Amino acid sequence: MNAPVLVINCGSSSIKYALIDSTLETPRLAGLAERLGTPQARLKGKNSAGESFIQALPGADHAKALNAILDRLEGRLPVAVGHRIVHGGERFTQAALITGDVLEAIQATAALAPLHNPANLAGIEATQTVFAELPQVAVFDTAFHQTLPPKAYRYALPEAFYTEHGIRRYGFHGTSHAFVSRRAAELSERGEGGWLTAHLGNGCSTAAVWQGKSVDTSMGLTPLEGLVMGTRSGDVDPGLHAHLHRQLGWSLDEIDDVLNKRSGLLGLSGLTNDMREIEEKALEGHAGASLALEVFCYRIAKSLAALSCALPVLDGVIFTGGIGENSPIVRARVLELLPHFGFALDDAANEATIRGGEGAIGKAGHTGPEAWVIPTDEEGRIALETRQCLETFL
Ligand code: ADP
């Protein structure tokens, strides 16, 4: 099966797409259809020769955009379509061939991801029309974390919250944590073992991976729990919600909005959610940016230290995501905050490993835990899981 897989990630007004062959080679034909449903709708991307294109698609909906993507596939018909689905609840522990039954189950989990799952479902429906003859596979952000033990996934709430309403910790960014931990096992002499992974992009999460299985992670019922993110607060006192409501008269929607969209790096700095700008302004002495950087790094270190309790042995830490792959400052600060773990950072390797670079950033020959930068490839992982699913079910 050498034909490529078309990977699709549908939001409410966008479709990210990538055509990926079995070797996961780059550059790939890939891009983004955005502003769908508006007069400004357009398709952007790069073809497999690395040339960029932008095509106006005024008023296009998901189906029209998918047709435009189909026209761009350079005659390479995919063997299947792999869909990124945010929430798979407890039902999906691995990728699933999309059938009527699977669609119903994804619908049933929409209550747990009201912003994401309905958009993902709309994307599947449109894709089934445009690519009617191709098998479709759902790959879930939550699936990799379904190996968490109850002590890691249960909240200390009355049992019925869990048994009747599915309220538990699920974790997200599963394809990324799975990809980088597997890659570290290939690259490092330690192999599969105990790895801490830090996916630091606009959304941020950490995971503890023991012998290839996720055993704990920082995100929970929703992708709001855990680390400080671009605009998301991460952990706050659960009493905050009642406080804001009682003392300031805020509605639930207002509280949800501030914690998801106006907090994190943006809220702390008062400037931006973009880490590049935070670093620049912090260097210039901007107090808000300096504080945002400090809190961001401290919370990552604290989370990694906490998650280390889930690992019998700590073999190393892996940084990934836009910040993890490109910010030597964040990586150095996080490791400095964990002196008792015995990391030994190689400053030159840390500075040099940016813009897609992959490699160890710890000192060679060091016997303590290793430190790695591994660029994530969520689309590649989705393509791989799609192929594996086809081999199992078709
Ligand atoms: P998403 O989670 O939306 O996929 P990314 O993984 O692309 O996002 O990460 C976006 C973040 O990466 C932004 O905060 C951006 O500022 C940061 N980033 C990108 N390049 C750099 C860089 N050179 N230095 C520091 N941060 C960077």
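Guide: Helices and strands are taken here as DSSP runs and numbered from the N terminus, and with that convention we can say which elements build a site in this predicted model.

Visitor: Which element gives the largest share of the lining of the second largest pocket?

Guide: That share comes from α15, which contributes six residues. The helix α15 spans 378-393, and α6 (174-187) and β11 (213-217) also supply at least two residues each to this lining.

Visitor: What volume does the second largest pocket have, and which residues are closest to its centre?

Guide: The volume of the second largest pocket is about 380 Å³. Of the 22 residues that line this pocket, T93, Q94, A95, R381 and E385 are the closest to the centre.

Visitor: How do I read the lining by class and by domain?

Guide: A lining can be sorted by residue class, with Gly counted among the polar residues. For the second largest pocket this gives seven nonpolar, ten polar and five charged residues. As for domains, the protein is divided into domain 1 (5-140) and domain 2 (189-378), and the centres of the two, taken over C-alpha atoms, are 28 Å apart. Each of these domains provides at least three residues of the lining of the second largest pocket.

Visitor: Turning to the ligand, which residues are the closest to it?

Guide: The ligand is surrounded by 13 residues, of which G201, N202, D274, M275 and G322 are the closest. Polar side-chain atoms of two of these residues can be followed to an oxygen atom of the ligand: the distance is 2.9 Å for N202 and 2.5 Å for D274. For M275 it is a backbone N or O atom that lies 2.9 Å from an oxygen atom of the ligand.

Visitor: How much of the ligand does the protein bury?

Guide: The size of an interface is often expressed as the accessible area lost when the parts come together. Here the ligand taken alone exposes 580 Å², and the protein buries 69% of that.

Visitor: Which elements give two or more residues to the shell around the ligand?

Guide: They are α10 (275-283) and α12 (321-326), and α12 gives the most, with four residues. By class, the shell around the ligand divides into two nonpolar, eight polar and three charged residues.

Conventions
Residues are numbered from 1 along each chain as its sequence is written. This is a predicted model: local features need pLDDT of at least 70, side-chain atom pairs count only at pLDDT 80 or more; totals for chains, interfaces and linings use all residues. Side-chain values use heavy atoms; hydrogens and water are left out. On a 1 Å grid over the protein atoms alone, a cavity is a set of points where a 1.4 Å probe fits but cannot get out, and a pocket is an open set with protein on both sides within 12 Å along at least five of seven lines; lining residues have an atom within 4 Å of a point. Grid points are joined across faces, edges and corners, and a volume is the space filled by probe spheres set on the points. Domain bounds come from an automatic or database domain assignment. A residue is near a molecule or strand if one of its heavy atoms lies within 4 Å of it. A polar contact is a pair of N or O atoms within 3.5 Å; within protein, one must be able to donate a hydrogen and the other to accept it, and residues adjacent in sequence count only if both atoms are side-chain atoms. Accessible areas come from the Shrake-Rupley method with a 1.4 Å probe; for residues, only the protein chains shown count as cover.
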